Amino acid sequence: MISIHLHIITKIRPSKFTLSTMAVKLCLIMFSVVITMLHLLVENHAAIITQAPTPQPHQISPFPMHGVTQGSLQPQECSPRCTQRCSKTAFKKPCMFFCQKCCAKCLCVPPGTYGNKEFCPCYNNWKTKRGGPKCP
């Protein structure tokens, strides 16, 4: 009875030799895939490096340059500039309040709806008591 039972188990379960052969084949396949991917990566990287960048024509800024340098706006021009600056925020009232306050002091509003504060140092450098940015 025991010998029959052992015979059935060996028939169902693959031998150790078969299992190790499968593991070796799997390792070889994975190794081949990794080598191929590395080869493609190196080839692609070399192609990127060897291509010379094409010179780009001077692009005209999508932002109007009048009013983005310190002192270049008239006080009556602050409201339309701040309306554009605060157009995409969810907090329109506080954005407009502080933008107009900053514009009245600095007479400039950075272009776009976010960032670009390097165009207007006064607007960029005015800080709150806690050290955060005062101007949106």
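Contact here means heavy atoms within 4.5 Å. Not counting residues up to four places away in sequence, Tyr123 touches Arg85, Cys99, Cys102, Cys106, Cys108, Val109, Pro110, Lys117, Cys135 and Pro136.

A word on the source. This is a predicted model, where local features need pLDDT of at least 70 and side-chain atom pairs count only at pLDDT 80 or more, while totals for chains, interfaces and linings use all residues. Residues are numbered from 1 along each chain as its sequence is written, and side-chain values use heavy atoms, with hydrogens and water left out.

Now helix H4. Helices are DSSP runs of H or I with at least four residues, numbered from the N terminus. H4 covers residues 92-106, and its 15 residues should span 21 Å at 1.5 Å a residue; the end C-alpha atoms are 20 Å apart, which agrees. The expected span is 1.5 Å times one less than the number of residues.

Which residues of H4 are buried? Cys95, Met96, Cys99, Cys102, Cys103 and Cys106. They cover an arc of only 140 degrees around the axis, so they sit on the same side of H4. That arc is taken from the directions from the helix axis to the C-beta atoms. Buried means under 20% relative accessible area, exposed over 50%, and partly exposed in between, with a 1.4 Å probe and protein chains only. The face turned away from the buried side carries the exposed Lys93, Ala104 and Lys105. The buried residues pack against helix H3 (78-85) and helix H5 (121-125). Just after H4, Leu107 has a positive phi of about 55 degrees.

Next, the core. A nonpolar core is a set of buried Ala, Val, Leu, Ile, Met, Phe, Trp, Tyr and Cys residues joined through side-chain atoms within 4.5 Å. The largest one has 16 residues, and Tyr123 is among those with the most contacts inside it. Its largest share, six residues, comes from H4.

Finally, the disulfides, meaning pairs of cysteine sulfur atoms within 2.5 Å. The whole structure has six. Cys102 and Cys135 form one, with sulfur atoms 1.9 Å apart. Cys102 lies in H4 and Cys135 in the segment after H5, so this pair ties together parts 33 residues apart in sequence. Cys106 is joined to Cys122, S to S 2.0 Å. The torsion about that S-S bond is about -65 degrees, so the disulfide is left-handed. Cys108 is joined to Cys120, S to S 1.6 Å, and both are buried.

Definitions and conventions. Helices (H or I, at least four residues) and strands (E, at least two) are DSSP runs, numbered from the N terminus.
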